[in-house]
Amino acid sequence: MGRIIAIANQKGGVGKTTTAVNLAASLAAAEQPTLLIDIDPQANATSGLGIGAKKLEKTVYEVIVDRMSPHEAIIRTELGDLDLIPSHINLVGAEIEMIDVPGREKVLYNALAEIRTCYDYVIIDCPPSLGLLTLNALTASDAVLIPVQCEYYALEGLGQLLNTISIVKKHLNPLLDIEGVLLTMFDRRLNLSNQVSDEVRRYFGDKVFTAMIARNVRLSEAPSHGKPVLLYDALSVGTQNYMELAKEILARHSEGLGKSSEEEKGRRDVVVHEDGAENKEENSLNSQAGSPAEQSENSGNGHTPLNEIRRGEG
Ligand SMILES: Nc1ncnc2c1ncn2[C@@H]1O[C@H](COP(=O)(O)OP(=O)(O)O)[C@@H](O)[C@H]1O
Ligand SMILES: [Mg+2]
């Protein structure tokens, strides 16, 4: 049964697509049959693998909106073990088009039931929002990988993302885990990068990957050549960093995660629900997350998860 990992952060430009494409390629290079699903209407992961989205007739849009079988949308890539379900700009309208569809948060979950047995890993590249598409990804996934850019305001908005994850766990996908937090565009010469790295590690502890993605120009050049970085420049730092990330993920899962699931669950709940009063450095995260009390107030009063998340955004 393939492990499904959503790459999510509602901020744009933090390295979601770069991570989705290059993690998927690195897993495939490690001989793990992998499927990359692009659910961002911008279709950057699709074009980053050299697929021109404009002429495609069978994309994730048809899978989500028209309930087409995902098998029909799969495209093979240059890497033998990597397949892609491409995106299309049409997907912009999906949220409105599906407004009356019952169970619209679960469409991708249902679609993936059909194909997850064909792969060891399924990686989903999310759009920069916490709308219906990201909600579908979180509902369909075993875990979420959160890229955090080593920049000013790196932690801004993470509280909102954790709140969304906790709402999805409560209503739609109780087993959703945090795969890990990935530091991206790291530059060890900059104090700022080191400060962000320290703060993220203080807050997320061992959920932060040991692997970090350095700022590397090869990573930003590769998409314009329609290739993952390992096919564009196999010896680059970017290739090395994403291979290290893939190895770390593979090692965790071959060890059966090392911890009992109860232990894991307890620790996760602490991270998601922790009260700002207990943890000084968390103010920037908790400012938008809503307190645990507010979160439980929201339960069982007939709101859909999407409404609940939207109210949090206001
Ligand atoms: N480690 C990195 N080093 C240099 N450039 C990067 C790196 N990661 C991402 N980029 C560049 O930063 C921009 C935003 O990255 P992207 O992966 O598209 O973010 P997102 O999907 O979160 O919007 C892109 O131009 C990408 O090529
Ligand atoms: Mg993107």
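Predicted model: local features only at pLDDT ≥ 70, side-chain atom pairs only at ≥ 80, totals over all residues.

Residues are numbered from 1 along each chain as its sequence is written, and chains are lettered from A and ligands numbered from 1 in the order in which they are written.

Now step back and select H1 itself, residues 16-29. Helices here are DSSP runs of H or I with at least four residues, strands are runs of E with at least two, and both are numbered from the N terminus. The end C-alpha atoms of H1 are 20 Å apart, which agrees with the 20 Å that its 14 residues should span at 1.5 Å a residue (the expected span is 1.5 Å times one less than the number of residues). H1 is mostly covered, with 14 of its 14 residues buried. Buried means that 20 or more other C-beta atoms lie within 10 Å of the residue's own, exposed means 12 or fewer, and partly exposed is in between, with C-beta atoms placed from the backbone.

What surrounds ligand 1? The shell has 16 residues, and the closest are Gly 15, Lys 16, Thr 17, Thr 18 and Ser 220 (a residue counts if its C-beta atom, placed from the backbone, lies within 6 Å). The elements giving two or more residues to that shell are H1 and helix H9 (217-221), and H1 gives the most, with three.

Next, colour the strands. Seven of them form an open sheet in the order E3-E4-E2-E5-E1-E6-E7, with mixed pairing; two strands pair if DSSP finds at least two bridges between them. At the edges, E3 (75-76) and E7 (177-184) each pair on one side only.

Zoom in on E1, residues 3-7, where four of the five residues are buried. Pick Ala 6: its bridge partner is Ile 124 in E5 and Val 144 in E6. E5 also pairs in the parallel sense with E2 (34-38), over five bridges; look there for Asp 38 opposite Asp 125.

Last stop: helix H7, residues 158-171, which reaches 20 Å from its first C-alpha to its last. Of its 14 residues, 11 are buried, including Leu 158, Leu 161 and Ile 165.
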